[in-house]
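The following exercises are to be worked with the sequence and the coordinates at hand. Each task is followed by a stepwise solution.

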Amino acid sequence: MVIFTFRKPLLLTLFLAGFLAAALPRNVMGQNCGCAANLCCSRWGFCGTSEEYCGTGCQQGPCNAPPATNDVSVPDIVTPEFFNGILNQAEASCVGRNFYSRSAFLDALGSYPQFGRIGTEEQSRREIAAFFAHVTHETGHFCYIEEIDGASKDYCDEENTQYPCNPSKGYYGRGPIQLSWNFNYGPAGESIGFDGLGSPETVANDPVISFKTALWYWTNFVQPVMNQGFGATIRAINGALECDGGNPSTVQARIRYFTEYCSQLGVSTGDNLTC
């Protein structure tokens, strides 16, 4: 059974200093967005000077530069055989069979040069295995584009006034990571360049944008915790529903995919697999 997810905003503690351990950040000056000139404006629009404000997702101010990337070629790791080995396990009747493709993934990848390219080659391969393990679980081997029965569920956080819901739209799970909630569609759309609040269905209609939303969510919320082990990535994606005994079977399913893909990519799984 495929478990499709919904996500509340992650705690700012996700942005840990360990993510930047491989490369000491330098400051990059940006325009002020309402904060004092010496303060960073975080992804959520708050002002401060710590890593939570100036690190991943920092909008403006003296934002820290992202960590240096390595020379790993993600396309050389995500070969047609690897990608299609996942896709081909979906039933022929699956809508995703004619939607998801390696070429769409690679087109989207061009906007996220840090994906799979932080740290050593071993770390890169492990991150790629983790990404596709979660994608496999979320979509049923690329079978599903949209959450099953998602339109019947309410994914509107009315308290979020920064990204108000359009009452005629549904913000249920769509795409490889099943992007959900108005507070994710709004900023994802702003970053990628589509109307996330007004046209969330774009994620289910445009395969490149669909993959971009997955990579946007990954590089902002999941990649920063990769150094803590695969279990931390489960928590970053669906922790409240699955971790700490919430749904052990789905946790184990994600781990099985991760273990399988690590083997295919010739890398160890590392420690801390569960959450």
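**Exercise 1.** Determine how many helices and strands the protein chain contains, and in what order they occur.

*Solution.* The model is a predicted one. Its protein chain holds 10 helices and four strands. Along the sequence the order is β-β-β-α-β-α-α-α-α-α-α-α-α-α. Of the 275 residues, 53% are buried. Among contacts between residues at least 6 apart in sequence, 70% join residues at least 24 apart.

**Exercise 2.** Classify Thr-136 as buried or exposed, and list its contacts beyond four places in sequence.

*Solution.* Thr-136 belongs to helix α5. Buried means under 20% relative accessible area; Thr-136 has 1% and is therefore buried. Setting aside residues up to four places away, Thr-136 touches Ile-86, His-141, Tyr-257 and Tyr-261.

**Exercise 3.** Describe the largest nonpolar core and the surroundings of Phe-131.

*Solution.* The largest nonpolar core comprises 65 residues, and Phe-131 is among those with the most contacts inside it. Helix α8 (residues 207-222) gives the most to this core, namely nine residues. Beyond four places in sequence, Phe-131 is in contact with Phe-105, Phe-115, Ile-177, Ala-214, Leu-215 and Trp-218.

**Exercise 4.** Identify which residues Arg-254 joins in a salt-bridge network.

*Solution.* Step 1: the whole structure contains eight salt bridges. Step 2: one of them pairs Arg-254 with Glu-138, the closest N and O atoms lying 2.8 Å apart. Arg-254 is in helix α10 (residues 248-264) and Glu-138 in helix α5, so this pair ties together parts 116 residues apart in sequence. Step 3: Arg-254 also meets Glu-242 in a salt bridge, at 2.8 Å from N to O. Glu-242 lies in helix α9 (residues 230-242), 12 residues from Arg-254. Step 4: through shared partners, Glu-138, Glu-242 and Arg-254 form one network. Step 5: Arg-254 is buried at 0% relative accessibility, Glu-138 is buried at 0%, and Glu-242 is buried at 2%.

Conventions
Residues are numbered from 1 along each chain as its sequence is written. This is a predicted model: local features need pLDDT of at least 70, side-chain atom pairs count only at pLDDT 80 or more; totals for chains, interfaces and linings use all residues. Side-chain values use heavy atoms; hydrogens and water are left out. Helices (H or I, at least four residues) and strands (E, at least two) are DSSP runs, numbered from the N terminus. Buried means under 20% relative accessible area, exposed over 50%, partly exposed in between (1.4 Å probe, protein chains only). Contact means heavy atoms within 4.5 Å. A nonpolar core is a set of buried Ala, Val, Leu, Ile, Met, Phe, Trp, Tyr and Cys residues joined through side-chain atoms within 4.5 Å. A salt bridge is a side-chain nitrogen of Lys or Arg within 4 Å of a carboxyl oxygen of Asp or Glu.
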